[in-house]
Amino acid sequence: MSKPTEKEQKWKTPQDSAVITYVWAMPEHANPSLFQPDTLGNVNGGFILNLIDNVAGMTAARHVQGRVVTASIDQVSFHEPIKVGELIILKASVNRVFRTSLEVGVRVEAENVYTGNVRHAVSSYLTFVALDEHGKPTPIKQQLKPVTEAEKRRFEDAAKRRASRLALREQLKKEEV
Ligand SMILES: CC(C)(COP(=O)(O)OP(=O)(O)OC[C@H]1O[C@@H](n2cnc3c(N)ncnc32)[C@H](O)[C@@H]1OP(=O)(O)O)[C@@H](O)C(=O)NCCC(=O)NCCS
């Protein structure tokens with residue numbers, strides 16, 4: 001599995017593969033609330049995770065222009081509950097490309113369409129791996145060129161998240177011995 005040559009290397013910006021999806025939060029998306037009536041009308045977290053994985057997968061596939069698989073959902077922070085009746089807005093973009101893997105960040109917002117109020121509800125980071133025709137990890141040819149200040153910050157943060165994930169894995173491996 002060789003590194004792409006300079007000639008094969010292509011550059012894309014995060015905007016080139018970014019995806020925005022809108023989903024209306026419906027009653028069937030709510031948490032069961034028999035024992036927790038205070039959560040009545042809150043959207044189920046697992047449903048939101050499913051939306052996040054889908055929108056992030058679309059983004060990763062658009063960047064790679066090929067087959068990708070979710071390797072891990074590295075982080076999910078539920079900042080605020082989303083209510084049935086709100087519009088769920090999912091904004092996904094590639095934060096950084098590594099060798100065969102890339103990180104996608106997803107920001108989930110909840111909009112009250114009557115008032116126009118938009119709240120930041122969830123943040124998530126996922127790692128996808130590009131696969132070849134045999135289903136094996138393959139180097140990603142399309143490198144990422146962050147343009148805006150926010151994209152440059154996400155690019156730097158993605159490297160830190162990966163480094164800390166790998167460091168933890170090493171540490172746990174050592175402790176197993
Ligand atoms: C993800 C997968 C392809 C990795 O395969 P692998 O043989 O472990 O691959 P490698 O060890 O060669 O690593 C390949 C890349 O994946 C990354 N990776 C592997 N496991 C990872 C994990 N748990 N979290 C994040 N990244 C991971 C590696 O860091 C590496 O990235 P890099 O090339 O950019 O440095 C493989 O584990 C797989 O197919 N998993 C199932 C995926 C799936 O079915 N997802 C759907 C969800 S149900």
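Two residues are taken to be in contact if their C-beta atoms, placed from the backbone, lie within 7 Å. By this rule, and leaving aside residues up to four places away in sequence, alanine 60 touches Val68, Val94, Leu102, Val104 and Phe128. The structure is a predicted model, in which local features need pLDDT of at least 70 and side-chain atom pairs count only at pLDDT 80 or more, while totals for chains, interfaces and linings use all residues. Residues are numbered from 1 along each chain as its sequence is written.

The overall layout comes next. Three helices and seven strands make up the elements of the protein chain; helices (H or I, at least four residues) and strands (E, at least two) are DSSP runs, numbered from the N terminus. Read from that end, the order is β-α-β-α-β-β-β-β-β-α. The C-alpha trace spans about 55 × 45 × 35 Å along its principal axes. Among contacts with a separation of 6 or more, 73% link residues 24 or more positions apart.

Which strands form the open sheet? Five do, in the order β2-β4-β5-β6-β3, with antiparallel pairing; two strands pair if DSSP finds at least two bridges between them. Because β2 (19-24) and β3 (68-78) stand at the edges with a single partner strand each, one side of each has no neighbour in the sheet. From one strand to the next, the twist averages 25°. Strands β4 (residues 87-97) and β5 (residues 101-111) run antiparallel and are joined by 10 bridges. Alanine 92, for example, has valine 106 in β5 as its bridge partner.

Two helices meet this sheet. Helix α2 (residues 45-64) lies across β2, β3, β4, β5 and β6 (118-130), at about 45° to β4. Helix α3 (residues 149-176) also packs on the sheet, touching β3, β4, β5 and β6, and its direction makes about 75° with that of β4. For these angles, axes are lines fitted to C-alpha atoms, for helices over the stretch in contact, and angles run from 0 to 180 degrees between N-to-C directions.

In soluble globular proteins, nonpolar side chains tend to be buried together. A nonpolar core is a set of buried Ala, Val, Leu, Ile, Met, Phe, Trp, Tyr and Cys residues joined through C-beta atoms within 7 Å. The largest one here has 29 residues, of which Ala56, Ala60, Val104, Val106 and Val108 touch the most other members. Two or more residues of this core come from each of α2, β4, β5 and β6, and β6 gives the most, with seven.

Key
Buried ≥ 20, exposed ≤ 12 C-beta atoms within 10 Å, placed from the backbone.
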